[in-house]
Amino acid sequence: MKCIYCGHEDSKVVDSRSAEDGRAVRRRRECMECGKRFTTYEKVETRPIIIVKKDGHREPFDAEKIRAGLIKACEKRPAAQAQIDRVVIDIEKELLNLLEPEVPSEKVGALVMAALKELDEVAYVRFASVYRQFTDINTFMQELASLLQDQRKETE
């Protein structure tokens, strides 16, 4: 690894540890020439996931968009940031495991809604109201009725 200070091409690894929830390795290195230390990260190279939107346009998958939507849905709710981060990681893993170069945005939305349903039902309804574009109170009430029916099935 080339030293960022002097450009020398020989360095030794002083310390290695897991980073980014096990998806990367953080390495602390020391230059054999100047003795200065620097940090590098090693990640597995993955193919980009392309999201196909409802209108047909395509864009690269962005986990931060999911995180922002989850944070907004969970605002003033007891969901911890660590739980939200776990959901984002799980959704990204599931999309990678599909082994499909393009994924419809509806699939991503369904994964987010399923995760929110488990995490916090109020956050789920908030997200669903925006995602499914509830147009009136009847649509909203139908979603609540469906949620209540699912709860009854779980308790039986």
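Tutor: A crossing of two helices is right-handed if the near helix is turned clockwise from the far one by less than a right angle, and left-handed if anticlockwise. Keep that in mind for this predicted model.

Student: What is the handedness of the crossing of α1 and α4?

Tutor: The crossing of α1 and α4 is right-handed. By the definition, the near helix is therefore turned clockwise from the far one.

Student: What makes Lys43 and Glu20 a salt bridge?

Tutor: The cut-off is 4 Å between a side-chain nitrogen of Lys or Arg and a carboxyl oxygen of Asp or Glu. The closest N and O atoms of Lys43 and Glu20 are 3.1 Å apart, so the pair qualifies. Lys43 lies in strand β3 (residues 37–43), while Glu20 is in the loop between β1 (11–19) and β2 (24–31). They are 23 residues apart and link distant parts of the chain. A search of the whole structure finds 13 salt bridges.

Student: How do you know that β2 and β3 pair?

Tutor: Pairing needs at least two bridges. β2 and β3 have seven, so they pair, in the antiparallel sense. Arg29 stands opposite Phe38 in β3. The two strands form a hairpin with five residues between them. Gly35 in the turn has a positive phi of about 80°.

Student: What makes β4 and β6 a pair?

Tutor: The test is again at least two bridges. Strand β4 (residues 50–52) and β6 have three, in the parallel sense, so they pass. Ile51 stands opposite Val103 in β6.

Student: Why are β5 and β6 edge strands?

Tutor: The open sheet runs β5-β4-β6, with mixed pairing. β5 (58–60) and β6 (102–104) each have a single partner strand, so one side of each is left without a neighbour in the sheet.

Key
Residues numbered from 1 in each chain as written. Predicted model: local features only at pLDDT ≥ 70, side-chain atom pairs only at ≥ 80, totals over all residues. Heavy atoms only, no water. Helix = DSSP H or I, 4+ residues; strand = E, 2+ residues; numbered from the N terminus.
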